[in-house]
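Work through the exercises below with the sequence and the structure open. Try each task before reading its solution.

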Amino acid sequence: MKKMLCAAAALALASTGAAYAAPTDLSGWTREGTGGTWNLAADKNSVTQTVNGAPTVFYSDFDALGRSLSGTIRVNTTSDDDFIGFVVGFNPGELSGPGDFLLIDWKQTTQAYYGNAPAGLALSRVTSGLGDNAGAWSHDPGFGIIELARGLTLGSTGWADLTTYTFDIEYTASNVKVWVNDVLQFDVDGVFGSGAFGFYNYSQQNVTYAGIEDDVLPPPVGGVPEPSTWAMMILGFGAAGSLLRRRRTPLEA
C-alpha cells in the first residue's frame, strides 16, 4: 500500500511539473520606467530593451512566489558597460517607490558616477524605488537599497559583450536562489513577499532576454505548498488514482 501511495505521489509531482513546462508568453508582461523601450519578439517569448536610460523593468503577469524563472540574457552591443539583470517580488509602481522587492543587477566594469559601482553581480533589497541616482548606481543604503550579497563566482566579474548567459531563479517566502550558466551565485534566506519576476536594465541598451520559462516549485520537505501548487497536486493525485484503478481492473475481472 505504501509503495502504491508513493507511486501516486511521484506521479502527482511529475504531473505538476509537466503542466508548467512550456515557454512563457511575455505578451501580458508590463513595462515600467521612462528610461527604457521593451520590444517584444514575434514569438512572444523574448524581449529586447534598446535604450540607454534610467532604470526600467519589464515584469510578469503572475506572482513569482513559489515559482522559478529561467532563460537567457545577452547584451547585443559593444557599447557601454552598465547594468543588466532582474527584479523579483516586484509590484506595480515600486520602481518609483516605496516598495519592497529584490534587485539582481550585473555591472560590466567598475565605474565612478553616483559614487562607485563595482563590476560584478549583486543581490540587493529595495525599499525606496530605483531612480537615476546613487541608489541604483552604487547601492547606497541612504536611498533605501541594501546589498545582501555578491555573486559566488561573479561578485567582481562583469558580463561580456555579445555573450549569451543562461539564468535560473527560484523564489519562495523564505529563500531566493540564482544560477548563472548553471553555477549557483546566490542562496539567500530571508522573509520575502509576493510580487512579479521582471527584467531590469539601467544605462544599458540592446539587451535581449529569451527562451523564457516559468515553473511551479515543489513544496519544501515538511513545508506547505503555495495554493497554485496544491491545485496541481490535487489534479495529479486524481490522475494517479485513475491510473491505479485502470491497472487493477484486469485483475478484478
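**Exercise 1. A proline and its peptide bond**

Where is the place of proline 98?

Step 1. Proline 98 sits in the loop between E6 and E7. Strands (E, at least two residues) and helices (H or I, at least four) are DSSP runs, numbered from the N terminus.

Step 2. The bond that joins glycine 97 to proline 98 is a cis peptide bond, with omega at about -10 degrees.

The model is predicted, so local features need pLDDT of at least 70 and side-chain atom pairs count only at pLDDT 80 or more, while totals for chains, interfaces and linings use all residues. Residues are numbered from 1 along each chain as its sequence is written, and side-chain values use heavy atoms, with hydrogens and water left out.

**Exercise 2. Salt bridges**

How many salt bridges does a search of the whole structure find? Describe three of them.

Step 1. Side chains of opposite charge can pair when their charged atoms come close. A salt bridge here is a side-chain nitrogen of Lys or Arg within 4 Å of a carboxyl oxygen of Asp or Glu.

Step 2. The whole structure has six salt bridges.

Step 3. Lysine 107 and aspartate 81 form one of them, at 3.8 Å from N to O. Because lysine 107 lies in strand E7 and aspartate 81 in the loop between E5 and E6, this pair ties together parts that are 26 residues apart in sequence.

Step 4. Aspartate 82 forms a salt bridge with lysine 107 as well, and the closest N and O atoms are 3.0 Å apart. This pair links aspartate 82, in the loop between E5 and E6, to lysine 107 in strand E7, 25 residues apart.

Step 5. Aspartate 81 is buried. Aspartate 82 counts as buried because its relative accessibility is 2%, and lysine 107 because its value is 1%.

Step 6. Aspartate 100 and arginine 125 meet through their side chains at 2.8 Å, N to O, in a salt bridge. Aspartate 100 is in the loop between E6 and E7 and arginine 125 is in strand E10, so this pair ties together parts that are 25 residues apart in sequence.

Step 7. Aspartate 100 is partly exposed because its relative accessibility is 37%. Arginine 125 is partly exposed because its value is 22%.

**Exercise 3. Cavities**

What lines the largest cavity, and what lines the second largest cavity?

Step 1. On a 1 Å grid over the protein atoms alone, a cavity is a set of points where a 1.4 Å probe fits but cannot get out, and lining residues have an atom within 4 Å of a point. Grid points are joined across faces, edges and corners, and a volume is the space filled by probe spheres set on the points.

Step 2. There are two cavities of 30 Å³ or more.

Step 3. The largest cavity has a volume of about 80 Å³. Its lining residues include Ile73, Phe86, Trp106, Tyr165 and Val180. E6 gives the most to this lining, with three residues.

Step 4. Sort the lining by class (Ala, Val, Leu, Ile, Met, Phe, Trp, Tyr, Cys and Pro are nonpolar; Asp, Glu, Lys and Arg are charged; the others, Gly among them, are polar). The lining of the largest cavity has 10 nonpolar, one polar and no charged residues.

Step 5. The second largest cavity holds about 40 Å³ of space. Among its lining residues are Lys107 and His139. This lining divides into five nonpolar, three polar and three charged residues.

Note on methods
1 Å grid on protein atoms, 1.4 Å probe; cavity = no way out; pocket = protein on both sides within 12 Å on 5 of 7 lines; lining within 4 Å. Buried < 20%, exposed > 50% of the residue type's maximum accessible area, 1.4 Å probe, protein only.
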